[in-house]
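Here is a friendly walk through one protein model, with the side chains as our guide. Have the sequence and the 3D view open as you read.

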Amino acid sequence: MFRKELTYYFTTPIAYIVIGLYLLAVSLMLWVIPGEWNIIDSGYADLRGMFEMSPWLMMLLCPALTMRLFAEERQSGMWDLLRAKKINVWKMVVHKYLAAWLLTLLAIVPCIVHYVVVGQLAEPVGNVDGGQFAGSMIGLMLISMTFTALGILMASFTGSQIVAYILGVVMCFSMYWLTIQDHYRSISRGVLDIRDVGFLVAISAVAVGLTIFCVNRIGKK
């Protein structure tokens, strides 16, 4: 199931669009568009802007990856086939989730290029806080994990991809605004507190668990 979902992403435009949009948006905001996040305008060898803007980009992109994960099966009547074959629901959900999350990680990893470029521009060369950057990257990976989990949960509620996307964006925005942002900001400063990491992991685990519960209920209807 994991390989099937990952193959689907890369045999359709979805993966390339999502990864491309994220990398393009980050690059434009850091190097082209004037503003507080523009490295050249600020005059500082600092990637703070990338980690401040990324959650807002992720809450738009993660639901785009998860919105189709259950809609196609529900619309095509695949649930009857899955029920007849007695597919392990928790394994199906987890594999779908991991495939979508891996795609977000593939979008994040190339951002290391910005770190290398900033290091070359710094005076002296290499005068960039590598520890803070590493901690911030871990925070970004964790928040993509959380948004993907929230997105897949919302996708399990409806057979409409559009509705799933809207619900996913609203849920990600709400959770980030209410609770997640404080924990993420702490991690993005390079401070890996077990309470912050555990909080994001716990939300992801609960969301995936609720998704398994919802999909089980659909399969019994």
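Cys-62 is buried, with a relative accessibility of 0%; buried stands for under 20% relative accessible area, exposed for over 50%, and partly exposed for what lies in between (1.4 Å probe, protein chains only). Is Cys-172 buried or exposed? Cys-172 is buried as well, with a relative accessible area of 0%. The sulfur of Cys-62 has its closest cysteine sulfur in Cys-172, 6.4 Å away, which is too far for a bond. A disulfide calls for a pair of cysteine sulfur atoms within 2.5 Å, and the count by this rule is 0 disulfides.

A word on the source: this is a predicted model, in which local features need pLDDT of at least 70 and side-chain atom pairs count only at pLDDT 80 or more, while totals for chains, interfaces and linings use all residues. Residues are numbered from 1 along each chain as its sequence is written, and side-chain values use heavy atoms, with hydrogens and water left out.

**Salt bridges**

How many salt bridges does the structure hold? There are 5 salt bridges, each being a side-chain nitrogen of Lys or Arg within 4 Å of a carboxyl oxygen of Asp or Glu. The table lists some of them.

| Salt bridge | Closest N to O distance |
|---|---|
| Glu-5 and Arg-68 | 3.1 Å |
| Arg-48 and Glu-52 | 2.9 Å |

Helices here are DSSP runs (H or I, at least four residues), numbered from the N terminus. Both partners are buried, Glu-5 with a relative accessible area of 0% and Arg-68 with a relative accessibility of 4%. They also belong to a network of salt bridges that links Lys-4, Glu-5, Arg-68 and Lys-96.

Arg-48 and Glu-52 lie 4 residues apart in helix 4, so about one helical turn separates them. Arg-48 is partly exposed at 38% relative accessibility, and Glu-52 is partly exposed too, with a relative accessible area of 31%.

Which residues of helix 8 (residues 112–121) are buried? They are His-114, Val-118 and Gly-119. These residues cover an arc of only 135° around the axis, so they are on the same side of helix 8; the arc is taken from the directions from the helix axis to the C-beta atoms. This buried side packs against helix 2, helix 3 (39–42) and helix 4 (48–66), where contact means heavy atoms within 4.5 Å. The face turned away from the buried side carries the exposed residues Val-113 and Gln-120.

**A nonpolar patch**

Leu-24, Leu-28, Val-32 and Ile-33 make up a nonpolar patch on the surface, and together they have about 320 Å² of accessible area. Patch members have over 30% relative accessible area and no salt bridge, and nonpolar side chains (Val, Leu, Ile, Met, Phe, Trp, Tyr) are joined within 5 Å. One of the four, Leu-28, is partly exposed, with a relative accessible area of 32%. Leu-28 belongs to helix 2 (residues 14–32), one of the helices that the buried residues of helix 8 pack against.

Note on methods:
Patches are made of residues with over 30% relative accessible area and no salt bridge: like charges are joined within 9 Å, nonpolar side chains (Val, Leu, Ile, Met, Phe, Trp, Tyr) within 5 Å. Accessible areas come from the Shrake-Rupley method with a 1.4 Å probe; for residues, only the protein chains shown count as cover. Helices (H or I, at least four residues) and strands (E, at least two) are DSSP runs, numbered from the N terminus.
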